Amino acid sequence: MSLLSRHISAIAATSCALAVCAASAQAQAIHSGSRLARGLPDGRAYEQVTPANKDNGDPYVRPGIFAEDQVNPAGSRVSYFSLYGFPGVKVYGLSYLATRAKNDWFSQNLIPRQSPDFGGLCAAFVDMVGYSSDMSKGILADGKNQSSGCSHDAPRLVAGEPKGVQNLFLRNNATGTFQLISLNPVLGPPADANYDGASTTLSHVIFDESAQLTSDAPSGDDLYDWSAGTVKLVSEVPSSGTSCSGGSCTPAVGSLAGGALGNVMHAVSADGSRIFFNANGNLYVRENANTTVQVDAPASGAPGPGGGGVFAAASSDGSKVFFTDDSSAGLTSNTQSASGTNLYEYDLSTNQLSDLTPTKGIQVQGVAGASADGSYVYYVALGKRASGATKGEPNLYVRHNGTKFIATLNGSPAPAPNDSCDWSSCLTSRVSPNGQFFAFESVNSLTGYNNTDRATASPDDEIFLYDAGTGSLACASCSGGRPVGNTVVNAPEESGSDSTIDILERYVSDGGQVFFDTPDALVPTDTNGLQDVYEYEVNGSGTCTQAGGCRYLLTSGTSDANSLYFDNTSSGSDALFVTSSQLVPTDTDGAYDVYDARVNGGFPAPKPPPPPCVGESCKPPPKGPPPLPVVATITFSGTGNASTEVAKKAVNGSSFRVAVAVPRKGRITIAGAGIQTAAQSASHAGSYKLRVTLNQKEKRQLKLWGRLKLSIGVRYAPAAGHAATARFKLTVKA
């Protein structure tokens, strides 16, 4: 994990609570050989997410760089990247998806087999660039940089896909099937399609491409919205005024608002109905693929001229948008003249524009983010907006039922207006989805802790947590002794194929937990002097009852290699990290693995082999396995007539029986997608039970996904006369 980040600092404000909650009885300890974990907080237990058998290959975990490294909200699916082809996989550039089943995690490679194999830097040009929130679907970027021999069109994933360029595909992760997103142009040759953002279910996918994919697209790099197999131009703007609908809008060359950070800051609303974009120097929102509204237009009674707005964040439904603009734009009547950059809120439900910072000399430096509902917004400004702030210094504020001051800084945990985010220097902070908690890093002591490095005598970064509910500020990473290195909130990193950030590692949960890695030993059981992963909890969260908050070690603290934070769910129930420590008995290879420290998690230990039999116990059991369940009875009578009685709508296991009653001699055949065809000759009238078994592919899918739906056909062909067929549906569970 990269430790490059923008350092921020501040003047000391409050005293530091140095007590560490995790003593040896509370902290986790790993005993060499037994790999027995104890004392994990909140009832957590270890689960190995990556495969036990990796043929000595490591997952290439560097959160954010390829957009692979993330966990879904339920903690049931985890994506990760590896330059290694694990056993059974023959290609490089691998995006893996791990799915949690009843007793284990199972990984599948999401990259299709293309000709020929490739590796090295080329692997960055074929990868999954985005996922639906539940990770049941993903977006594959495939075909970029073909002139350098890095990828190929053969075999094609979809018939008729544009050749020689990067295409975007929607991948169904359950079936492994693909759908083309970047359709063929209506005019001119195809071009690379670049992913920009999407709705949470991937019902809408936003991308840019210089090829003209619609008849109204202007010449240039245009912004498109794919939905239900159709591509529409997003960047349609008013030819006059501040809004337009339908045919009154004029096509323009546009780009998704917010640049690389736009998608994670909700420039595309959760349902895809609202898309914020820039065109002609203005900030717009496109609603329901029909109406465009200029967001940075002057409010009624304002001096104007408007324009120049820089998107910062929006609520998840897109009803509220926050942006910055220079006071010279004259957007509201209360904006202070010559006050520099101001922070504005536009409410689409009321069409009201408000200046959130109408203060002389406010000079907003950046916005760190907003809550999912837009009720909280965190920003940095040089002006004094609330009590405690220092005029002319970078002051950190939260806007929620008024404005509150948090700390005075000498840097910003947020990207500056007009800055483009890169992988080393922006957004070194996180907002919990509910907005109450804000985690950020600082190089100065904000709570009184002496953060002077033991070796360099220079101050090291620490991670701080602000609780907007109580107005309190705590140092999550401060220990009792002086630090030995930086503890940071890593800046987000762009995906391998596109300059888009599709995921922000969460760091902070809705309950006030912060997850991070640090070289500092915050508890006595951390003895290796390397990076280890910790959880900090505010008092009252999880198992913590100490006033200064609690710090818990999640990794071993004894590994001979760095352990790295990976991601966590917003509830904090799943805390994922990467380590070479062998934390469960099935981990025996010493390679890096992704682990989940899961609340109420863990899998049953493998049962020990039975003791050798002695005497009478060596006799075989008197009975065989229980008979397979009969799921349906099909009765054929006369010619072409059949009645169906379904005994079970769902059945466990990969095999079952179907009872078929026939009126005379003939042949019975049972067939359907996903099952092995079963057939039997009927020598006379009567009832016959046929065994039905899943195909090998469906057996693997059943193990991975837990259930399958089948449509089964039963055919009876009498020795003389017409054949009859009956059908029924069945759900098979693992």
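**Reading labels in a predicted model**

Tutor: This is a predicted model. Start with K729, which has 68% relative accessibility and counts as exposed.

Student: Why is K729 called exposed?

Tutor: Exposed means over 50% relative accessible area. K729 has 68%, so K729 counts as exposed.

Student: Where does K729 lie?

Tutor: K729 lies in strand 49. On the surface, K729 gathers with R707, K709 and K733 in a patch of positive charge. Strand 48 (707–718) and strand 49 (724–733) each give two or more residues to that patch.

Student: What makes the patch positive?

Tutor: Lys and Arg count as positive. The patch holds R707, K709, K729 and K733, so by that rule its charge is positive.

Student: Why is W105 called buried?

Tutor: Buried means under 20% relative accessible area. W105 has 5%, so W105 counts as buried. The place of W105 is in strand 7 (residues 105–109).

Student: How do you know that W105 and E47 make a polar contact?

Tutor: The cut-off for the pair of N or O atoms is within 3.5 Å. The contact joining the side chains of W105 and E47 is 2.9 Å, so that distance passes the cut-off.

Student: How far apart are W105 and L704 in sequence and in space?

Tutor: They are 599 residues apart in sequence and 8.4 Å apart in space, C-alpha to C-alpha.

How values were computed
Residues numbered from 1 in each chain as written. Predicted model: local features only at pLDDT ≥ 70, side-chain atom pairs only at ≥ 80, totals over all residues. Heavy atoms only, no water. Helix = DSSP H or I, 4+ residues; strand = E, 2+ residues; numbered from the N terminus. Buried < 20%, exposed > 50% of the residue type's maximum accessible area, 1.4 Å probe, protein only. Polar contact = N/O pair within 3.5 Å; in protein donor to acceptor, adjacent residues only side chain to side chain. Patch = residues over 30% accessible without salt bridge, like charges linked within 9 Å, V, L, I, M, F, W, Y side chains within 5 Å. Areas by Shrake-Rupley, 256 points an atom, 1.4 Å probe, with all protein chains shown as cover. Salt bridge = Lys/Arg side-chain N within 4 Å of Asp/Glu carboxyl O. Charge placed at Lys NZ, Arg CZ, Asp CG, Glu CD.
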